[in-house]
Amino acid sequence: MIETSVPLSPGWWLKRLMGRLIERQPRYDLLESYADGTNGIPAYADAAVRDAARRLMAMSRTNFAELAIEATRERMDPLGFRTGAQADDLGDKEAWRIYQANGLDADHKLIDYTALALSMAYVIVGVVDPEIGAPLITVEDPREMIAEVDPARRRKVTAALKVVDNDITGYDIAYLHLPGYVVRAATEHREGSFSDVSGWDWVDVQRLPIDDVPVVPFAYRPRVRGLPKGEIEPHLPILDRINYTILNRLEIMTLQAFRQRAVKGVPTTNPDGTEVDYDELFRQGPGAIWTLPASAELWESGALDLSPVRESVKDDVRDFAAVTRTPLSYMFPDAAGQSAEGASLTREGLVFKTRDRMGQAGESYEQMMSLAFRQAGDIERASRADLEVIWAPPERYTLTEKGQAASQSEGLSRRFVQEKIWQLTPQEIARNEAELEAEKLLEPEPVGAVG
C-alpha cells in the first residue's frame, strides 16, 4: 500500500498527479477527435438511431480542424541552436548533433502537432543513451503524462508523472519524476483508463545526474490561470455547425433520391365497407395497370434547391478560417484566385500567429536542450541565457521574389542575404560557403599575377 497522506511525499505526488491525469483524459480525447475529424456523430446519435442514419453522420465529417492546425505547424521548423560555447550564427554543431541523434529534425513535428491540437505536449530528457551517444529525448502524450510547475516560475517543473498502459507484460508502470530522482510504481493491467493509486505498489528508485525534474511542457497558447488552449479549441461550435449543416444536406439528398408519391381524392373503403388495399392496387411492374376514379389526383415530391445549404456551409467555413487566421485557400482551393492584396493580408495573419507560437515553443525547446546538456555534463552549453533556437522564417517567398530582393541587397553581408533573403538553412549556408571557397581554388590565376 502506497502512503499518500504525507504532503510532498512520493505517494502524495502520485495520488495528486494521477487524479489530475485521469480527470483531463476526456478533454484530450475530445480535442483529438476534432483534430482527427472523427467528431461528426452528434450527441443525439444513441442506440435508437438506425445504422443508415449513423452512416450519414459519419459521412458528414469534414476535417477543417486539421487544416487549421497543419497551417501553423508546417511553418514551425527549428533549424539549429546557438549556445554560449560556440559564437557562430550557423548554430552549435554539438546541439544539432544531439537534436539529430534523437531524430528530432523530423520528430519535432510530433511535439508541435500534439501541442497545437491537444493544447499540451511533453518531452522527457533522459541520461546519455550509449546507443545514440546523446541524452535520450522522448516525446510524450498529455494523456499519458502530466506535470506540476512552480507557481512563481511556470516553466520550472516541480513534479511529473508518466503512466504506461502496458497490456503485453500485464502490468501498468508509473514513472514519478521528482527533483533528482525517478520513482517507479506498478499495478496489474486493467483494460480501459488508468486507475487511482489504490492498486499501485512501489518498484524502485533511480537517481539522476541532475537535481531537477527533466521534463519540459510545451504549451503554445498558455493562460495566466487555468489550462492552455488548443489551436482550434475555442472554435469547436463552428466545426459542429459545419458538420451539422453537411449532415442535413446529405439527409435531404438521400430523401430526394427516393421521391415520395401520394394520391388524393380516392375513397378509403370499398362499396361493401371493407378497407381498400392500396398496396395491392398500386402494384409495381412493367405490366401493371392502375384503375383510379376520375377524382383521383397523383402527387410526387419535387427536388429541393440545395444551394442555400451549400452556401451556409461556405459561410461557416469562412468564419472558421477568419477566427483561426487560416488562409482561405487552405479551405477552398478555388480561393487561390483571390486578389493579391487579399491573399497577402490573409498570409500575414497566419505569419503573425505562427511567430507567436514559435515564441512560446522556442522557450520550451531551449529548456529541453539545456537539460540535455546538463544530463551530458556540458555546463557551458547548458546556460539558458545563451541558448537560442534558430527558426526557419514562417514567411514563404517564390524564387522570383527572392531573386528580386537579393538583387537589391547592396550593403548586406553575403551570409545575411543567404539566411534572410534566400532562406537557406545553417547547413545549406555552410555547404554553400565551403563550395564557394573550393571554387576559388580551382579558378586559374590571372595572367601576369605575381606569385
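## Close-up views of a predicted model

**View 1. Trp-96 and Tyr-99 share helix α4.** Trp-96 and Tyr-99 both belong to helix α4 and lie three residues apart, about one turn of the helix. The model is predicted: local features need pLDDT of at least 70, side-chain atom pairs count only at pLDDT 80 or more, and totals for chains, interfaces and linings use all residues. Residues are numbered from 1 along each chain as its sequence is written, and side-chain values use heavy atoms, with hydrogens and water left out. Helices (H or I, at least four residues) and strands (E, at least two) are DSSP runs, numbered from the N terminus. Both Trp-96 and Tyr-99 are buried (under 20% relative accessible area; exposed is over 50%, partly exposed in between; 1.4 Å probe, protein chains only).

**View 2. Phe-81, Trp-96 and Tyr-99 form one aromatic cluster.** Rings of Phe, Tyr and Trp (its six-membered ring) pair if their centres lie within 6.5 Å; planes under 30 degrees apart count as stacked, over 60 as edge-to-face and the rest as tilted. By this rule there are five aromatic pairs. In one of them, the ring centres of Phe-81 and Tyr-99 are 5.3 Å apart and the planes stand at 65°, so the pair is edge-to-face. Phe-81 is in strand β1 (residues 78-82) and Tyr-99 in helix α4 (residues 93-101), 18 residues apart, so this pair links distant parts of the chain. Phe-81 has a relative accessible area of 0% and is buried; Tyr-99 is also buried, at 0%. Trp-96 and Tyr-99 make a stacked pair, with 5.1 Å from centre to centre and 25° between the planes.

**View 3. β3, β2 and β9 form an open sheet.** The three strands run in the order β3-β2-β9, with antiparallel pairing; two strands pair if DSSP finds at least two bridges between them. β3 (134-140) and β9 (215-218) are at the edges with a single partner strand each, so one side of each has no neighbour in the sheet. From one strand to the next the twist averages 25°. Six bridges join β2 (residues 121-129) to β3, and Asp-129 stands opposite Ala-134 in β3. Helix α5 (residues 104-118) packs on the sheet and touches β2, β3 and β9 (contact means heavy atoms within 4.5 Å). The direction of α5 makes about 35° with that of β3; axes are lines fitted to C-alpha atoms, for helices over the stretch in contact, and angles run from 0 to 180 degrees between N-to-C directions.

**View 4. Gly-91 lies in the loop between β1 and α4.** Gly-91 is buried, with a relative accessible area of 7%. The C-alpha atoms of Gly-91 and Glu-388 are 9.0 Å apart, although 297 residues separate the two along the chain.
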